[in-house]
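These are notes for a colleague who is opening this structure for the first time. Please read them with the sequence and the model side by side.

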Amino acid sequence: MKYYDKLIFDLSKEGRQGYSLPSRKWNAVLADLPAGLVRGEEPALPQVSELDAVRHYTNLSQMNFGVDSGFYPLGSCTMKYNPKINEEIAAHPGFAGVHPLQPDATVQGALWVYEQLAKSLSEITGMAEFTLNPFAGAHGELTGLMIIRQYHMARGDEKRTRIIVPDSAHGTNPASAAVCGLEIVQVKSKENGLVDVEDLKPLLDDTIAGIMMTNPNTLGLFEKDIKEIAALVHECGGLLYYDGANMNPLVGMVRPGDMGFDVLHLNLHKTFSTPHGGGGPGAGPVGVAAHLAPYLPVPKVVRGEDGLLHMVGADGEACGRVSGFMGNFGVLLRAFTYILMLGNENVKMVGPLAVLGANYIKESLKDCFELPIDSVCKHEFVFDGLKDKSTEVTTLDVAKRLLDYGFHAPTIYFPLLFHQAIMIEPTETESKETLDGFIEIMKHIAAEAIEDPESLKTAPHTTPVRRLDETTAARQPILKYKDII
Amino acid sequence: MAKTVEGLYYSESHEWVKVEGNVAIVGITDFAQHAMGDLSYVDMPEVDDEIEAGEEFGAVESVKAASDLFSPVSGTVVEINEALEDAPELLNEDAFENWIIKVEMSDPSQLEALMDAAAYEAMCANE
């Protein structure tokens, strides 16, 4: 692969341009602006030809690795293939050209998509109603916790300020709870990786706002005691929050609403095949049971007496507003397309095939890699490093070596329950041939760790950049372009 | 294998305590620094902060993870190791030579609840 790391400013040549705009066209408007708001000098924009710009971004894009270029078994991230028809529908001018401030009567199609996607997600998860407004998974978590808090406050139950989070939870759970002003209480896992109900019981009292759980949990294991946990938490007056990051294996088979969860978020970029945006547009819809529906954030989509769908912005009971408008609509549209393209029958195949793929890899590799909890997993599982610990080859070395063979590395060093965690999630969209190819390379790497450990410790060898010095990057980060040059 | 030092007290959350009079000198163990990997940041309390046994008093961060620090004893922070602000790697280089905080203990009997080196080694062997 060609190494390319230029910034577009490096290419800039004074006076070079692709297109030119008519000059001084807006002077009349500028004259009305207060003097302090008018720019004194031209902005320092890069000056490049169209070809320079195209080549620059094409070269940069080829430094990237995505699901479209290879297998991406990044545990907990559900890197499934995103069908191209999602893009085609989202780019349709009738959708791409709408503006959030258009009169409701002129965007009935978009509002219908919003309403129908909310209904589809309600059906898939067993919840009563959805807001599609939150912009990401963690934003959905915060919204869900705001709803829980609002529920308790509305009942005058103001001392419920503590939230229980298992020690195996995604890091976003305690982070979101802290942002929401809740105090985090940790519940331990048992040897078998599941939440310890006996450790949970003494934590339950009238200060508990609820519990946040993901099921299957971060080890890919189904929390079999969920019904008992739900009964205990409800009995003490708390609510159950479902972190939908691990929803993929359940799609079409099991519904969080039926397990007793009161609030959940979904990551559309995981389960519903919208792009993982590298921090770009995401969507974290939040579903609630009927008794929490009044507290969903505004604006809401409501069908009015005139028969039309309306965006309703004010609602006294709502937990507040978490977005300017109706979420990242283009992302919602992609998820809706995905659900329609699968249809009622095929949507039931998502979960089982995701589970089958994960178990196939797990069983094929457990002789070479340490499997700390040997049971049937759901969509993902965790190895605790190589089986042979005598080589001092670490999980990081294995992950870096995988890059040499054209695979994206799995999630490593999470969950924190194991020191050498390697978390693998293949998703349902990969063929058996791809899984076999990955298994073969993982076995090969395990053999290399014994025969030629140096090749792992110095990996990667074939990537545009070699092993990065993450420690120095963390200790002495260079954050500005000017510090590099 | 991670080393230990005789004569120190050890907590289940991998802190060590060295006692000098009524002052507890607190750090993290060699086992802990090894498990964390190269440390990039040490979050410490301020001098005069009151801390409670078993409660969080700071955190250590590495490129792999962040982990809270739990105080083995209750008392008042009398000194923090300012060298760690610019050089967290000191804990990787020698976890027992480089302490994190010094605490004026309010209840030295809390030390009795901690482990000695042999008991701590046995606990780590099971991790």
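1. Which residues in α6(A) meet which residues in α7(A)? The model is a predicted one, and in it A:G137, A:A138, A:E141, A:L142 and A:L145 in α6(A) meet A:T172, A:N173, A:S176, A:A177 and A:V179 in α7(A). By class, this contact holds five nonpolar, four polar and one charged residue.

2. The geometry of this helix pair comes next. Two packed helices are described by the angle between their axes and the distance between the axes. Helix α6 covers residues 137-154 of chain A and helix α7 covers residues 172-179 of chain A; their axes come within 9 Å and cross at roughly 50°. The pair therefore counts as oblique, α6(A) to α7(A). The crossing in which α6(A) passes α7(A) is right-handed.

3. For orientation along chain A, the domain assignment gives three entries: domain 1 (1-63), domain 2 (85-345) and domain 3 (349-474). The centres of domain 1 and domain 3 of chain A, taken over C-alpha atoms, are separated by 43 Å.

4. How far apart are the axes of α12 and α14 of chain A, and at what angle do these helices pack? Helix α12 (residues 329-365) and helix α14 (residues 432-451) of chain A have axes 10 Å apart and an angle of about 25°. Because angles under 35 degrees count as roughly parallel, α12(A) is roughly parallel to α14(A). The handedness of the crossing, with α12(A) passing α14(A), is right-handed.

5. The contact between these two helices draws on A:G357, A:Y360, A:I361, A:S364 and A:L365 of α12(A). From α14(A) come A:L435, A:F438, A:I439, A:M442 and A:K443. Sorted by class, the residues of the contact of α12(A) with α14(A) are seven nonpolar, two polar and one charged.

6. Helix α12(A) also packs with helix α5 (residues 108-125) of chain A, at an angle of about 55° and with the axes 10 Å apart. That angle makes α5(A) oblique to α12(A). Is the crossing of α5(A) with α12(A) left-handed or right-handed? α5(A) passes α12(A) in a left-handed crossing.

7. On the α5(A) side, the contact with α12(A) is made by A:A110, A:V113, A:Y114, A:Q116, A:L117 and A:S120. The α12(A) side supplies A:F329, A:L332, A:L333, A:A335, A:F336 and A:I339. Ten of the residues in this contact of α5(A) with α12(A) are nonpolar and two are polar, with no charged residue.

8. Chain A has an open sheet of three strands in the order β10-β12-β11, with antiparallel pairing. β10 (381-384) and β11 of chain A stand at the edges with a single partner strand each, so one side of each has no neighbour in the sheet. Two bridges join β11(A) and β12(A), which pair in the antiparallel sense. The bridge partner of A:I412 in β12(A) is A:I422.

9. Some backbone details in loops of chain A deserve a look. A:F414 and A:P415 are joined by a cis peptide bond with omega of about -5°, and A:P415 lies in the loop between β11 (411-412) and β12 (421-424) of chain A. A cis peptide bond also joins A:V298 and A:P299, with omega of about -5°; A:P299 sits in the loop between β7 (286-288) and β8 (300-303) of chain A. A:S76, a residue other than glycine, has a positive phi near 75°. The loop that holds A:S76 is between α2 (50-61) and α3 (84-90) of chain A.

10. In chain B, what is the order of the strands in the open sheet of six? The order is β1-β2-β3-β9-β8-β5, and the pairing is antiparallel. The edge strands are β1 (9-10) and β5 (50-51) of chain B; each has a single partner strand, so one side of each is left without a neighbour in the sheet. Strand β2 (residues 15-20) and strand β3 (residues 23-28) of chain B run antiparallel and are joined by six bridges. Opposite B:K18 stands B:I25 in β3(B).

11. Last is the contact between the chains. Seven residues from chain B and seven residues from chain A take part. The side of chain B that touches chain A has four nonpolar residues, one polar and two charged.

Conventions:
Residues numbered from 1 in each chain as written. Chains lettered and ligands numbered in written order. Predicted model: local features only at pLDDT ≥ 70, side-chain atom pairs only at ≥ 80, totals over all residues. Nonpolar A, V, L, I, M, F, W, Y, C, P; charged D, E, K, R; others polar. Pairing = 2+ DSSP bridges. Helix = DSSP H or I, 4+ residues; strand = E, 2+ residues; numbered from the N terminus. Axes fitted to C-alpha atoms, helices over the stretch in contact; angles between N-to-C directions. Parallel < 35°, antiparallel > 145°, perpendicular 65-115°, else oblique. Left-handed = near helix turned anticlockwise from the far one by under 90°. Domains from an automatic or database assignment.
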